[in-house]
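Dear colleague,

Here is the structure you are taking over. My notes on what was found in it follow below.

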Amino acid sequence: MSRAAHLNPKVFDGDVEQVPSRNGYGEGLVIAGEENKDVVALCADLTESTRTQAFKDKFPERFVEMGVAEQNLVTVASGMAAVGKIPFTTSYAMFSPGRSWEQIRTTICYNDQPVKIIGSHAGISVGPDGATHQALEDMAITRVLPNMVVICPADAIEAKKATIAMAKNGKPTYMRLSREKVPVITTEESPFEIGKAEIVWESEKPKVAIIACGQMVYRALQAAKRLKEHNIGVRVINCHTIKPIDRDMILKSAEYCGAIVTVEEHQVNGGLGSAVAEVISQGFPVPLKIIGIEDHFGESGEPDELLKKFGLTVEDIIKGVTQVLRMKGNI
Amino acid sequence: MIMDSGLPKEIILFNMSLSAQENKKLELQADTIRQDIIKMLVAAGSGHSAGPLGMADVFTALYFKVLEHDPKKPDWEGRDRLVLSNGHICPVWYATLAEAGYFPVTELNTLRKFETRLQGHPHRGTLPGIETTSGPLGSGLSQAAGMALALRMDGKKNWVYCLTSDGEHDAGNTWEAVLFAGKNKLANLTVIIDRNNIQIDGNTEDIMPLEPIKDKYEAFGWYVLEIDGHNFEAIIDACNGAKAIQNKPVVIIAHTIPGKGVDFMENDFRWHGSPPGSQDIPGDPAKEEQAKVALKELRTLQGKIRSEHE
């Protein structure tokens, strides 16, 4: 494993700490608010569950309750940014950027205002709430927007760092968060820079690069460990920034490893896998398997049941690795 | 002149009474802006006619009498903010900004052309004086409300004006903003609705009835003024009167005549989205003659204004 990643030493233990990434957002927002008085938070009637509550408690005069009105949420934020604020807007990803997309496009991205769109409860792992609340398209619809930065942190600590960093980046930024507890794989010491993917597992002679984002990074690490037992070396990359994508890391990994598997809790159309395909197909084509939701809506169920049904387990990643190895003639 | 909204009259009735000389100056300025609009639209070959002509008097009053602004310093921190929510009437905004000195009047001929700063719908960042990008309807009032709230948070005195159309009151986003501004008592926000009763598909009351719009705003916690949107004294008095309302946002329903100043365009929804010269409209001058007839009428009016006051 790459030492520089400073991963949680307990990452492969059965009792690894599990925290929802939205908690990291809540902590990071308070820190961002302490660092800059222009940071304000707006929430659409989901203050507790999006973890905006801590900011509201600490800076009540800088918190704005929007009610169930996601289009107003982002457009009011655009106006606040126009007179110097750094607004963080929170809702569930399905509602913002889901419902508020055109307003985000016109009044935030084209208008180039540094509004932060925080979409919690993204992915199939939202679970029992069912398909209406499982945002599986959010990275596609934000990634396609000029000026927009798109971040999908691997865990709560990374979400905290991303929150603090985006308060300073001066750009429209979308961050997707999860509802469910996910294993904490990074530490305070792990490097984090917007736009820079990190190698979190490196075998001696990696034959495949697994590029993942969000909680799938943990599953990719699990897959890497299992593959090692079968003498298959891989590199695992935490690609927390979907846009701007780390082209340099992806192209170098394509060249070095010779095959790529991408993993995301998102539609295979338009997300991380598509972004990686755009880079390698035009820069260094190698066999590629995109693992994600295969053009389906989700459904109710427990997160693990759903991740299994929709093909996002450790076994699915291992299967993907063997597929690309076959494609490149290594098997 | 100001039709009151059922609330105390004394608050709004301190008419500043424009002098005849000042009124004449504004009338001439608005007429020049209307001529600019016709010329721009002809040069562009596309764009909206009726809305821009109908709002020429409101824009003239705002930029030449009401707003705190400095055309030579468009980013001056002390400026009032003007958000144009119905971005499609931007020809009147562009013409007014140019006449006010934000950029050369000759640049108006570049409207909608390749590499112009005068985009088909307004874009912030290219043209001085444009505060927000707009065009898709229904989102300007929210942005203006956000500005008003943030300015109030910082204890700043800048005023926020938002111009909206009546048609965009079909949009849910508009009403989300009306709720929000009412709840937050954004008294530093003044909205002017261009109540011209037309939208692309026809009359607003046929497409999606808005009346009683005054009652609706009042129910949402706003103070409502209704004025003749072609009467300079009324426009200016209403804007000044709005500043005296301490605990509510104010909406000024400005009744305007779409296409005002060009006889064959007035009150005709068929001129909402077309420029002069693009199509023959039954009963109107042939398309080759439309711009000529319009400009002749406006020039004649200019002569009339001059002679009337002399």
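In which sense do strand 13 and strand 14 of chain A pair, and over how many bridges? Strand 13 (residues 260-267) and strand 14 of chain A are parallel, with five bridges between them. Helices (H or I, at least four residues) and strands (E, at least two) are DSSP runs, numbered from the N terminus, and two strands pair if DSSP finds at least two bridges between them.

Before the rest, some conventions. This is a predicted model, in which local features need pLDDT of at least 70 and side-chain atom pairs count only at pLDDT 80 or more, while totals for chains, interfaces and linings use all residues. Residues are numbered from 1 along each chain as its sequence is written, and chains are lettered from A and ligands numbered from 1 in the order in which they are written.

Chain A

Contact between chains

The interface brings 22 residues of chain B into contact with 21 residues of chain A; contact means that the C-beta atoms, placed from the backbone, lie within 7 Å. Helix 5 (140-153) and helix 6 (172-183) of chain B each supply at least two residues of the chain B side. The largest share of that side, nine residues, is from helix 5 of chain B.

Chain B

Chain B has 10 helices and eight strands. Of its 310 residues, 52% count as buried, that is, with 20 or more other C-beta atoms (placed from the backbone) within 10 Å of their own. The C-alpha trace of chain B spans about 50 × 40 × 40 Å along its principal axes.

Strand 7 (residues 223-228) of chain B has five of its six residues buried, so this strand is largely enclosed by the rest of the structure. Strand 7 of chain B runs parallel to strand 8 (residues 250-255) of chain B, and six bridges join them. In this pair, B:Tyr223 is opposite B:Val250 of strand 8.

Regards

Conventions. Contact = placed C-beta atoms within 7 Å. Buried ≥ 20, exposed ≤ 12 C-beta atoms within 10 Å, placed from the backbone.
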